[in-house]
Amino acid sequence: MCGRYAASRSPEDLTGIFGIEKWEPEETLEADWNVAPTKEVWAVLDRPVKDAESRAPVRQLRKLRWGLVPSWAKTPEGAARMINARAETVHEKPSYRRAFAARRCLLPADGYYEWVTGGEERELEVAGRKKRARKQPYFVTPADGSVFAMAGLYEFWRDGTLPEGHPGAWWVTCAVITTEAETAPLAAGPEEGPGALADIHPRMPLMLTPDRWDDWLDPGHTEPEHLRALLEPPPAGLMRAYPVSTAVSNVRNNGPELLKELAAPEESTLF
């Protein structure tokens, strides 16, 4: 799953990385080392510009709220629970299938946090049952320092309680697509600790490599089978994971120190 991540790159950096053609400076977000559900996040998407003469898609950097609200929802109350969509079923779930066909995005990150649990706890989570208290947090990030581009979906929701033209009348929300965690050895990591991402958690956010960005963002692609093929996990061995301070477990803590690599876990864990 993905329940917390770090996103510290500036709009200028993201513009160069993703070939952004349009973004609004007044929407600038501060660097965030502890992104949590319901926060506003950067998203890269291809979409025609409103009121422009051409209806051709334009690559945009947009500010979205993390936690998808389907267009047909009566209220936005379930957004905090809809932060992740499973790659295996995203094309058929009522809450996600329309966005999967027409509104796909990339969510740029430095990497994501995950908390190690023991073997029995992982089995409970795979079965869909609630796990016990979190333990040691790890930060998972590309070993080469590149951007972690998570596959995402976005959706528009109209708040019917507000008049037309009200700045809060429309919500634009998003979800991260997840997949089964890699079982292959990590590219790098501490000598003691998890040897693979699957040792940390059974799920992980789906990272799209640059060769898939254009196809994924293109709103002209609507065939489910073509799109599902893009959700194949990236090549193994691209990621590293290392222990970080348990301070990240408190969403009120936020700063680059949360990404500092520890020489050893703060709490004992089982592998």
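Tutor: Let us begin with a term: accessible areas come from the Shrake-Rupley method with a 1.4 Å probe. The model here is a predicted one, and the accessible surface of its protein chain comes to about 13200 Å², of which 50% belongs to carbon and sulfur atoms.

Student: What percentage of the residues of the protein chain count as buried, and how many helices and strands are there in the chain?

Tutor: Buried means under 20% relative accessible area, and 47% of the 271 residues count as buried. The chain has five helices and twelve strands. Among contacts between residues at least 6 apart in sequence, 71% join residues at least 24 apart.

Student: Why is Tyr113 called buried?

Tutor: The cut-off for buried is under 20% relative accessible area, and Tyr113 has 0% relative accessibility, so Tyr113 counts as buried. Tyr113 has its place in strand β7, residues 111-115. The C-alpha atoms of Tyr113 and Phe139 are separated by 4.6 Å, although the two residues are 26 apart along the chain.

Student: Which residue is the bridge partner of Phe139 in β12, and what makes β12 a largely enclosed strand?

Tutor: The bridge partner of Phe139 in β12 is Tyr242, and strand β8, residues 137-142, pairs with β12 in the antiparallel sense over five bridges. As for β12 itself, which covers residues 239-243, five of its five residues are buried, so the strand is largely enclosed by the rest of the structure. Met239, Ala241 and Pro243 point one way from β12, while Arg240 and Tyr242 point the other way, and all are buried.

Student: Why is Glu27 called partly exposed?

Tutor: Partly exposed covers what lies between buried, under 20%, and exposed, over 50%. Glu27 has a relative accessible area of 22%, and therefore Glu27 is called partly exposed. Glu27 has its place in the loop between α1 (11-18) and β2 (32-35). Leaving aside neighbours within four places in sequence, Glu27 is in contact with Trp42, Leu61, Arg62 and Lys63. Between the C-alpha atoms of Glu27 and Lys63 there are 6.7 Å, while 36 residues separate the two along the chain.

Student: What is the volume of the largest pocket, and which residues are the closest to its centre?

Tutor: The largest pocket has a volume of about 850 Å³. Of the 25 residues that line the largest pocket, Glu27, Arg62, Phe156, Trp170 and Val172 are the closest to its centre. The elements that give two or more residues to this lining are β3 (40-47), β4 (58-66) and β10 (170-180), and β4 gives the most, with five residues. By class, the lining has nine nonpolar, five polar and eleven charged residues.

Student: What makes β3 a mostly covered strand, and how many bridges join β3 to β4?

Tutor: Six of the eight residues of β3 are buried, and on that count β3 is mostly covered. Eight bridges join β3 to β4, and the two strands run antiparallel. Val44 stands opposite Leu61 in β4.

Student: Where does Thr38 lie, and why is Thr38 called partly exposed?

Tutor: Thr38 lies in the loop between β2 and β3. Its relative accessible area is 42%, which falls between 20% and 50%, so Thr38 is called partly exposed. The backbone deserves a word as well. Most residues other than glycine have a negative phi. Phi of Thr38, however, is near 80°, a positive value in a residue other than glycine.

Definitions and conventions. Residues are numbered from 1 along each chain as its sequence is written. This is a predicted model: local features need pLDDT of at least 70, side-chain atom pairs count only at pLDDT 80 or more; totals for chains, interfaces and linings use all residues. Side-chain values use heavy atoms; hydrogens and water are left out. On a 1 Å grid over the protein atoms alone, a cavity is a set of points where a 1.4 Å probe fits but cannot get out, and a pocket is an open set with protein on both sides within 12 Å along at least five of seven lines; lining residues have an atom within 4 Å of a point. Grid points are joined across faces, edges and corners, and a volume is the space filled by probe spheres set on the points. Helices (H or I, at least four residues) and strands (E, at least two) are DSSP runs, numbered from the N terminus. Ala, Val, Leu, Ile, Met, Phe, Trp, Tyr, Cys and Pro count as nonpolar, Asp, Glu, Lys and Arg as charged, and the others, Gly among them, as polar. Buried means under 20% relative accessible area, exposed over 50%, partly exposed in between (1.4 Å probe, protein chains only). Two strands pair if DSSP finds at least two bridges between them. Contact means heavy atoms within 4.5 Å.
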